Amino acid sequence: MLSRSYGTKLLIALFLIQHATKGFAMSWIVTTLNFYFRDVGGITSSEIQTYTAVIMTPWCLKGILGLLSDTVTIHGYHKGPWITMTTIVAVLASLKIGLTPLSAISKLTAISSLLLVQFHIAFSDLLTEAKYSERIRQFPKYGSDLISYVWGGMSFAQLLAVATIGVLIESYGSRHVFAISAIPLALGFFPGSWNLLEETKELPSNPPEAGRCFLPFGILGFDSHKLKKHIGYLILVLILTAMSLLLAVMGVVSTNTKLNCVVALGAFCVTLGSFFACADLMVAKTNAYFLLCACCYISIEGATFYFFTDSPIQYPEGPHFSTTFYTTGIGLVASGTSMLGIYMYNQLFSTKKYRVIFLLNGSLWATINIISCAVFLRWNLRVGIPDEFFVLGSQALQQMVLQLGWIPGVVLMSHLCHDGMEATMYAIMAGSQNLGSNISYFTGAYLLEALEVQPSGAKGESDQFEHLWLVAILSSAAGLFPLLFLPFLIPDARPDEKLVDRRGTSMDQTTRATTSS
């Protein structure tokens with residue numbers, strides 16, 4: 001059914017990029033980050049949060065990358081050559097950090113190398129997302145099935161990755177995982193070189209089309225017509241890019257978490273206002289909700305990592321999880337229940353309205369996270385529940401609920417894309433959400449420092465976890481705030497309904513115009 005509607009080549013391309021690269025390779029890399037920083041030594045929880053935000057910056061730059069793809073061609077193609085070139089850069093960067101001893105590489109070089117790897121994954125992810133967004137709008141009937149293929153396969157790839165990552169880190173050390181990751185990253189070479197996205201080559205016309213120009217031999221082409229047609233989105237791209245780069249620079253040059261947090265919140269306000277000023281109202285309102293959700297899901301992962309993995313010498317009262325259990329044990333449960341969440345969505349929620357799905361998702365997410373805070377107070381031990389069972393149970397529920405909300409979010413963004421600007425539209429919306437996630441890293445870093453939760457893997461750091469429970473409750477409760485705006489920001493529609501026509505006009509606007517005429 002999927003191959004008939006969307007094509008076998010597209011499904012293969014999605015496998016190589018979404019499953020092998022984003023699902024498998026990225027899981028290895030992201031899971032290893034905290035262990036790499038721990039091995040470097042002396043890096044606090046707030047610093048981990050900040051460095052992670054910098055490394056993940058390319059995911060916030062999807063807007064400018066999408067604009068680049070939509071308006072610039074290489075040898076007549078919009079997507080394939082970009083994937084091929086960034087694949088080569090990512091493989092070299094992963095080998096650089098993976099084969100260089102910790103004592104011989106600076107923090108800046110390590111962060112830059114990891115950022116380049118994320119650049120490739122984010123760019124390739126965007127281009128394939130844009131392609132299947134385009135096809136979903138052509139065949140909306142099977143849109144949820146295609147999204148399930150993407151995310152189901154990604155979850156399975158993550159399952160394979162986490163099944164092996166613990167042993168790899170314990171056997172070879174964290175940095176060598178980056179070198180091994182070059183193998184799955186190299187698979188990104190094939191979608192572009194084999195044209196698995198089935199792009200039609202654009203050639204110079206005679207006479208030249210208005211707004212289009214090509215360099216000699218057709219190596220590079222530029223379409224200014226799209227920029228003029230969607231000038232509002234061009235402004236949005238530039239604003240998102242500026243805000244993302246500003247936060248990245250702050251993360252590198254500033255150690256003042258309060259200042260970084262203020263700048264991050266300022267970036268949130270600027271981004272939110274720019275959408276309402278430059279984008280269609282439906283796009284602006286939908287994006288405002290997703291951006292708010294991303295910002296309010298405050299990250300405190302830097303502290304929880306040390307809480308769960310500190311040794312008895314470092315934190316005598318802690319859970320003392322091994323590397324294998326923390327990565328593979330918890331990861332397997334999370335990946336398995338993610339697939340269960342996808343199944344539950346298709347069976348129970350794929351025909352429900354977006355508002356119902358997001359309300360249930362947000363409420364369950366916050367409730368489960370608040371209950372999970374009991375482990376930081378060690379209450380689970382008082383009632384006889386071992387740390388391992390408690391954490392596995394909470395992770396299982398969290399991942400299942402995450403998928404229930406993520407899939408309809410992807411479908412909703414796909415329906416809001418305009419013809420010919422799929423990569424840019426999808427990139428702007430996804431990039432703003434990723435910017436929101438980076439903002440949550442900065443706000444989480446300040447919250448951890450303000451409440452004096454600053455573990456670093458040092459000996460006898462039990463006092464650093466005294467207020468971790470409070471930080472966890474505050475960050476969990478913040479996730480309820482976006483639900484107040486749900487009826488005003490999310491369209492009253494279902495995932496299988498079209499929201500915009502081929503001109504990019506919202507369907508409700510089209511209906512009103514027809515009725516009034």
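1. A residue is called buried when its relative accessible area is under 20%, exposed when this is over 50%, and partly exposed in between (1.4 Å probe, protein chains only). Asp387 is therefore buried, with a relative accessible area of 7%.

2. This is a predicted model, in which local features need pLDDT of at least 70 and side-chain atom pairs count only at pLDDT 80 or more, while totals for chains, interfaces and linings use all residues. Residues are numbered from 1 along each chain as its sequence is written, and side-chain values use heavy atoms, with hydrogens and water left out.

3. Asp387 and Arg378 form a salt bridge through their side chains (2.7 Å, N to O). The term denotes a side-chain nitrogen of Lys or Arg within 4 Å of a carboxyl oxygen of Asp or Glu. By this rule there are 6 salt bridges.

4. Lys22, Lys62, Asp125 and Glu129 belong to a network of salt bridges. Within it, Glu129 pairs with Lys62, their closest N and O atoms being 3.1 Å apart. This pair joins distant parts of the chain, 67 residues apart: Glu129 lies in helix α6 and Lys62 in helix α4 (residues 62-71). Helices (H or I, at least four residues) and strands (E, at least two) are DSSP runs, numbered from the N terminus. Both Glu129 and Lys62 are buried.

5. Helix α15 (residues 301-309) is largely enclosed by the rest of the structure, because 8 of its 9 residues are buried. Among them are Phe305, Tyr306, Phe307 and Phe308.

6. Tyr289 touches Phe358, Pro482, Leu483, Leu486, Leu489 and Ile490, not counting residues up to four places away in sequence. Contact here means heavy atoms within 4.5 Å.
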